[in-house]
Amino acid sequence: MDIAFSKILDVSWKFGVTAASSELDKAGKMFFQLRLLIDTAGKTSSVFTEMTLTEFYKFFHDLEKAKNNLDLLS
């Protein structure tokens with residue numbers, strides 16, 4: 001079984017606020033957009049995701065927890 005590993009080449013992100021929407025509850029909501037440029041076996045591609053502010057804070061917490069676990073190993 002061959003396992004292909006991806007290498008992150010670039011990361012870009014931005015926060016935004018929904019200024020207007022046809023759905024009343026979505027106007028004024030904050031969001032986070034993330035783009036990863038990855039290289040898998042010499043082929044580059046972009047991966048996009050969008051999160052609510054709550055999802056972003058959970059994602060950030062999970063990244064911090066992973067970093068702390070890796071620090072314990074070194």
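## Lys 58 and Asp 62 in helix α1

Let's start inside helix α1, which covers residues 53–73 of this predicted model. Lys 58 and Asp 62 sit 4 residues apart there, so about one helical turn separates them. Their side chains meet in a salt bridge, with 2.9 Å from N to O.

How open are these two to the outside? Lys 58 has 52% relative accessibility and counts as exposed, because the cut-off for exposed is over 50%. Asp 62, at 31%, is partly exposed.

## Another pair in helix α1: Lys 67 and Asp 71

Helix α1 also holds Lys 67 and Asp 71, again 4 residues apart and separated by about one helical turn. These two form a salt bridge as well, and their closest N and O atoms are 2.7 Å apart. Asp 71 is partly exposed, with a relative accessibility of 40%.

Arg 35 and Asp 10 bring their side chains together in a salt bridge, at 3.0 Å from N to O. Arg 35 belongs to strand β2 (residues 30–40) and Asp 10 to strand β1 (residues 6–17), so this pair ties together parts that are 25 residues apart in sequence. Asp 10 itself is partly exposed, at 34% relative accessible area.

## The whole count

How many salt bridges does a search of the whole structure find? The search turns up 3.

Key. Residues are numbered from 1 along each chain as its sequence is written. This is a predicted model: local features need pLDDT of at least 70, side-chain atom pairs count only at pLDDT 80 or more; totals for chains, interfaces and linings use all residues. Side-chain values use heavy atoms; hydrogens and water are left out. A salt bridge is a side-chain nitrogen of Lys or Arg within 4 Å of a carboxyl oxygen of Asp or Glu. Helices (H or I, at least four residues) and strands (E, at least two) are DSSP runs, numbered from the N terminus. Buried means under 20% relative accessible area, exposed over 50%, partly exposed in between (1.4 Å probe, protein chains only).
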